[in-house]
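Dear colleague,

Please find below the structure I am handing over to you. My notes on what was found in it follow directly after.

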Amino acid sequence: MAKYFELRNATHHVLAILLLCILACSLCVSSRPATFLQDFTVTWSDGHLRQIDGGRAIQLVLDQNSGCGFASKSKYLFGRVSMRIKLIPGDSAGTVTAFYMNSDTDSVRDELDFEFLGNRSGQPYTVQTNIYAHGKGDREQRVNLWFDPAADFHLYSILWNHHHVVFYVDEVPIRVYKNNEAKGIPYPKLQAMGVFSTLWEADDWATRGGLEKIDWSKAPFYAYYKDFDIEGCPLPGPATCATNPANWWEGSAYQALNAVEARRYRWVRVNHMIYDYCTDRSRYPVPPPECLAGI
């Protein structure tokens, strides 16, 4: 009987520790699927943004009067954010659908960008990524998507930890920006960032450098979002969250691409990359330091 009570007490002790660990993690990390109503707010032209399926999906609208945008109510320091997006079908030249993280600060902002550049019908959709660290941007890369992103929803994700930033399309890495602070290269790690999206007109540069203009006879243009997911350290919150090595995105499995991801990454860069600022000698006769360090 004594052994029974010892075992029961030990079991209760273990369960109590587990519950405390779960509670501690819940205080630090936001890890539930996000919904538009709970986690986002309209930032621009609410008449052009429509909620669908009780806020589990939204429609963004661009016409000659306005585009629109939304943002998360909280900012996050490290983690992973993702959304499923269905882009504008047909002739979308001159439009930009954006999904990005931004510190929303003026001179020294940090920013991680997905920008989907519209096309003329029949041409590949291009996704441009860009990174701002401590106010310095101009780090554009462009990839032609290997599927029709207007035919169905596809998953777009940003993983951000102390080791690197990785942009994913359907879990395929298309861009990696490593933390090379040891070599004096800025890395975004000091400022929390909100999650943003916009649909807007940019026909002065978006499609073939501005050669292709918006055909307003095709308007209105629609983009759709669903399956919002934010896993990160919300601020304001416990100061120790962002430095907690126990956060899943800081684990050893997420500090570098695994073998499968590395193969997919090489495939994208060999077969689908159409622009890399690191090799643009007209802009950078001497490659930027992060290019030489290996990004």
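Among contacts in the chain between residues at least 6 apart in sequence, 67% join residues at least 24 apart; contact here means heavy atoms within 4.5 Å. Please note that this is a predicted model, in which local features need pLDDT of at least 70 and side-chain atom pairs count only at pLDDT 80 or more, while totals for chains, interfaces and linings use all residues. Residues are numbered from 1 along each chain as its sequence is written, and side-chain values use heavy atoms, with hydrogens and water left out.

The secondary structure of the chain comes to four helices and 14 strands. Helices (H or I, at least four residues) and strands (E, at least two) are DSSP runs, numbered from the N terminus. Of the 295 residues in the chain, 49% are buried. Buried means under 20% relative accessible area, exposed means over 50%, and partly exposed lies in between (1.4 Å probe, protein chains only).

In soluble globular proteins, nonpolar side chains tend to be buried together. The largest nonpolar core in this model has 58 residues, and those with the most contacts inside it are F70, F114 and Y156. Strand β4 (residues 68-86) supplies the largest share of this core, with eight residues. A nonpolar core is a set of buried Ala, Val, Leu, Ile, Met, Phe, Trp, Tyr and Cys residues joined through side-chain atoms within 4.5 Å.

I turn next to helix α3. This helix has 13 residues and reaches 18 Å from its first C-alpha to its last, close to the 18 Å expected at 1.5 Å a residue; the expected span is 1.5 Å times one less than the number of residues. Within α3, E261, Y265 and V268 are buried. They lie on the same side of α3, because they cover an arc of only 65 degrees around the axis, the arc being that of the directions from the helix axis to the C-beta atoms. An α-helix has 3.6 residues a turn, so residues three or four places apart point the same way. The buried residues of α3 pack against β8 (141-144), β10, β11 and β14. On the face turned away from the buried side are the exposed residues A259, R266 and V270. At the N-terminal end, N258 caps α3, with a side-chain oxygen 3.1 Å from the backbone nitrogen of V260.

H272 counts as buried because its relative accessibility is 16%. Leaving aside neighbours within four places in sequence, H272 is in contact with R142, V143, N144, W146 and W267.

One of these partners, N144, also meets T126. A polar contact of 2.6 Å joins the side chains of T126 and N144; such a contact is a pair of N or O atoms within 3.5 Å, where within protein one must be able to donate a hydrogen and the other to accept it, and residues adjacent in sequence count only if both atoms are side-chain atoms. T126 is placed in strand β7 and is buried, with a relative accessible area of 12%. Not counting residues up to four places away in sequence, T126 touches E115, F116, L117, R142, V143, N144 and I274.

One position carries an annotation. UniProt lists N119 for "glycosylation site" in an unreviewed entry; UniProt positions are given in the numbering used here, feature names are shortened, and annotations may be inferred rather than shown by experiment. In the model, N119 is found in the loop between β6 and β7 (126-132), and it counts as buried because its relative accessibility is 5%. Beyond residues up to four places away in sequence, N119 touches G90, D91, S92, A93, P124, Y125 and T207.

Most residues other than glycine have a negative phi, and most peptide bonds are trans. D104 has a positive phi, near 60 degrees, and is exposed, with a relative accessible area of 53%. D170 also has a positive phi, of about 50 degrees, and is partly exposed, with a relative accessible area of 29%.

With kind regards
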